Amino acid sequence: MFVPSVTHPIGDFVRDWVPRLAEYLPASIQSEDLNSVVAFLINAVICIIAVCVVNIGSAPILIYMERKVCAHVQCRLGPMRLGWHGTLQTIADVIKMLFKEVYAPSGADKLMFYLAPLIVLIAPFIVCALIPFDKNLVVADVSMGIPLIIAVNGFGVLGILLGGWSSNNKYSLLGALRSGAQMISYEISFTMILLFVVMISGSTNLMSITMGQEGTIFDWWIFKIPVLGFIAFILFFISSTAEMNRAPFDIAEAEQELTGGYHTEYNGTPFAMFYLAEYIALITNSALATTCFLGGFFPPCIGIDAVDNVLKMVPGVVWFFAKIYFMVWCYMMVRWTFVRPRVDQLMDFEWKFLLPVNLVLLVAGAAFIAIGL
Amino acid sequence: MQKQISTIQYIKRYLKRCITGPWSLICGLSVTLKYFFNPKRIVTEQYPENRKTLKMHDRYRGRLEMIEDADGNNHCTACGMCERACPNASINVLATKNIAGKKVLGRYVYHFASCTQCGLCVEACPFGAIRMSPAFEVATTDPNDLEMILNKKEGQG
């Protein structure tokens, strides 16, 4: 009987312990198949819980961080009252949001209306399962990692379009349509940059992309290919910002023009889910940037043995999360600095600038590989 | 309508924007980074906690008060210019006559409830007898407290 296995030390531990515990059962129901199935189910539950904890646990931290970064950029202090420096503020907000009454506007397509936030949440959760957090800490180590991420990202557009369409509100529909056009356009350059990464690393598996960057800081893909890597990183940054619908590309929400865009009519838990999806997407996109450009879970070694040995003592997960939060901070600084372009400027930027630069970059990368390596 | 331009001009403009655009973004980012890493620039006051050390700005206009020296003497001559200048009749200057038959200030009645702290009375005063005080904790539970008599002594000037 085929039972898919989960390969990480915790999985081995569970597979080791399930047969030992099964010995206490009556002999008539003991079997090898049952043991392996139970071990697999326990491992699967552990994986699901891990993904949920990483995603849902990081959302309040990110919201708190966003409010603090925004406040300090604008010469303010941000939340300061509840808990030490306002740390409990987001938890209070979440509780308030969850206890609100949930209702749909009259004339709304109820099924679609409540389905949209769920669909929006799918994409970031699946992407998070593919990210290698450490050498052994990856939920799904699939060989077609990058194509799967590209495929799954399409769910975000679907959810936003559904939410805007089913709200029976012209502002929601306008926001959803604008954002649909935007996300579909920027998905092209997003995909192209991932293609560039796949091209230089020679693999679509996220684990082997990371393993290709082992060594010093100059072995990371952002520095390994001189100039091209850095340009690719900047382009990835731009297109992933647009993918996430964050400012300066937040024309889906555009609260000054559209009263909130596609989630105007949402409140309570469905609204919280849209909000959650936005911040989980921030985490997964930062994780993707870290994996593809910033060396994944490898410490930033600088080539001096004494320093490197100290850096290597810190577990890879810590480095990974440090890099993720650095990327998140970059996204936040960009959000609170830059102004939102008009819709036509946004499309101009993608089709007249980003796409040609991406194509040139792909050609240059291919030439670099052909000549240099 | 946009003016028709040649292809070379278009390409020149496009390339120029490719340089100037990122440069302007970097300028903006440098400003926000400067603000982010400099906590001294924060202007928010943690009010109830720092109440002891909080200093109000010089230009702040709280309630009206009379400039008095240590003996309680003021410069008011009961001319009534402030009463005329007040846009919402918050000031009543009640004059009396002293023993010499000269017109002096009796009571300077100030209705804080209707005052908007515009400061026109201070500008109108020819003798510099009144000013806006920096006190900002002026809330009260008794509406009668809002009717005040600003001069402590009667019949001066």
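This report walks through a sheet, a pair of domains and a chain contact in the structure above.

Keep in mind that this is a predicted model: local features need pLDDT of at least 70, side-chain atom pairs count only at pLDDT 80 or more, and totals for chains, interfaces and linings use all residues. Residues are numbered from 1 along each chain as its sequence is written, while chains are lettered from A and ligands numbered from 1 in the order in which they are written.

**The sheet in chain B**

Let's start with an open sheet of 3 strands in chain B, ordered β2-β3-β5 with antiparallel pairing. At its edges stand β2 and β5 of chain B, each with a single partner strand, so one side of each has no neighbour in the sheet. On average, neighbouring strands here are turned by 25° against each other, direction ignored. For such angles, axes are lines fitted to C-alpha atoms (for helices over the stretch in contact), and angles run from 0 to 180 degrees between N-to-C directions.

A strand here is a DSSP run (E, at least two residues), and a helix is one too (H or I, at least four), numbered from the N terminus. Two strands pair if DSSP finds at least two bridges between them. Here are the two pairings:

**Domains and the contact**

Chain B splits into domain 1 (7-41) and domain 2 (64-149), with bounds from an automatic or database domain assignment. How far apart do the C-alpha centres of these two domains of chain B lie? They are 54 Å apart.

Chain B also touches chain A: 12 residues of chain B and 10 residues of chain A take part. Residues count as in contact if their C-beta atoms, placed from the backbone, lie within 7 Å.

**Confidence in chain A**

Chain A averages a pLDDT of 82, and 95% of the residues score at least 70; pLDDT is the predictor's confidence in each residue, from 0 to 100.

Key: Contact = placed C-beta atoms within 7 Å.
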